[in-house]
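Subject: Structure handover and findings

Hello,

Here is the structure for your files. Please open it alongside this message.

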Amino acid sequence: MLRAFADRCREIALGIAAKRFDATGAITGGAAMRRTWGNPARTVLFVGRLIYYKGLPVLLDAMAGVDATLVL
């Protein structure tokens, strides 16, 4: 789908620099997030446009076999 725009596309590696998010004592939203979404270690976050080539249908199918919460 994006081959026509390959010269304007750039791959960005997945990942988060976890050190940037170390607890500092000033974080107060963690408990509220756990109450709302459950254990963050068992939470899958999908961020992206809801368009077929992003793979959301594949993720939804895969979630049937995963004990986790999906946040879109």
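Below are the findings, from the overall fold down to single residues.

First, the ground rules. This is a predicted model, so local features need pLDDT of at least 70 and side-chain atom pairs count only at pLDDT 80 or more, while totals for chains, interfaces and linings use all residues. Residues are numbered from 1 along each chain as its sequence is written, and side-chain values use heavy atoms, with hydrogens and water left out.

**Overall**

The protein chain has two helices and two strands. Helices (H or I, at least four residues) and strands (E, at least two) are DSSP runs, numbered from the N terminus. Their order from that end is α-β-α-β.

The chain has 72 residues, and 6% of them count as buried. Buried is under 20% relative accessible area, exposed is over 50%, and partly exposed is in between (1.4 Å probe, protein chains only). The accessible surface is about 6700 Å². Carbon and sulfur atoms hold 59% of that surface. Areas come from the Shrake-Rupley method with a 1.4 Å probe; for residues, only the protein chains shown count as cover.

Now contacts, meaning heavy atoms within 4.5 Å. Take those in the protein chain with a separation of 6 or more: 56% join residues 24 or more positions apart.

**Salt bridge**

The structure holds one salt bridge. The term means a side-chain nitrogen of Lys or Arg within 4 Å of a carboxyl oxygen of Asp or Glu. Here the partners are Asp 67 and Arg 42, at 3.9 Å, N to O. Asp 67 sits in the loop between α2 and β2 (69–71), and Arg 42 in the loop between α1 (30–37) and β1, so the pair ties together parts 25 residues apart in sequence. Asp 67 is exposed, at 61% relative accessible area. Arg 42 is partly exposed, at 45%.

Val 44 lies in strand β1. It is partly exposed, with 27% relative accessibility. Leaving out residues up to four places away in sequence, Val 44 touches Leu 59, Met 63, Ala 68, Thr 69, Leu 70 and Val 71. Val 44 and Val 71 are 27 residues apart in sequence, yet 6.2 Å apart C-alpha to C-alpha.

Phe 46 is in the loop between β1 and α2. It is buried, at 12% relative accessible area. With residues up to four places away again left out, Phe 46 touches Lys 54, Leu 56, Leu 59, Leu 70, Val 71 and Leu 72.

**Tyrosines and the surface patch**

There is one aromatic pair. Its rings, Tyr 52 and Tyr 53, have centres 5.6 Å apart and planes at 90 degrees, so the pair is edge-to-face. The rule: rings of Phe, Tyr and Trp (its six-membered ring) pair if their centres lie within 6.5 Å; planes under 30 degrees apart are stacked, over 60 edge-to-face, the rest tilted.

Tyr 53 is in the loop between β1 (43–45) and α2 (56–63). It is partly exposed, at 32%. Tyr 52 is exposed, at 59%.

Both tyrosines also belong to a nonpolar surface patch, together with Met 1, Leu 2 and Phe 5. The patch has about 570 Å² of accessible area. Patches take residues with over 30% relative accessible area and no salt bridge; like charges are joined within 9 Å, nonpolar side chains (Val, Leu, Ile, Met, Phe, Trp, Tyr) within 5 Å.

Best regards
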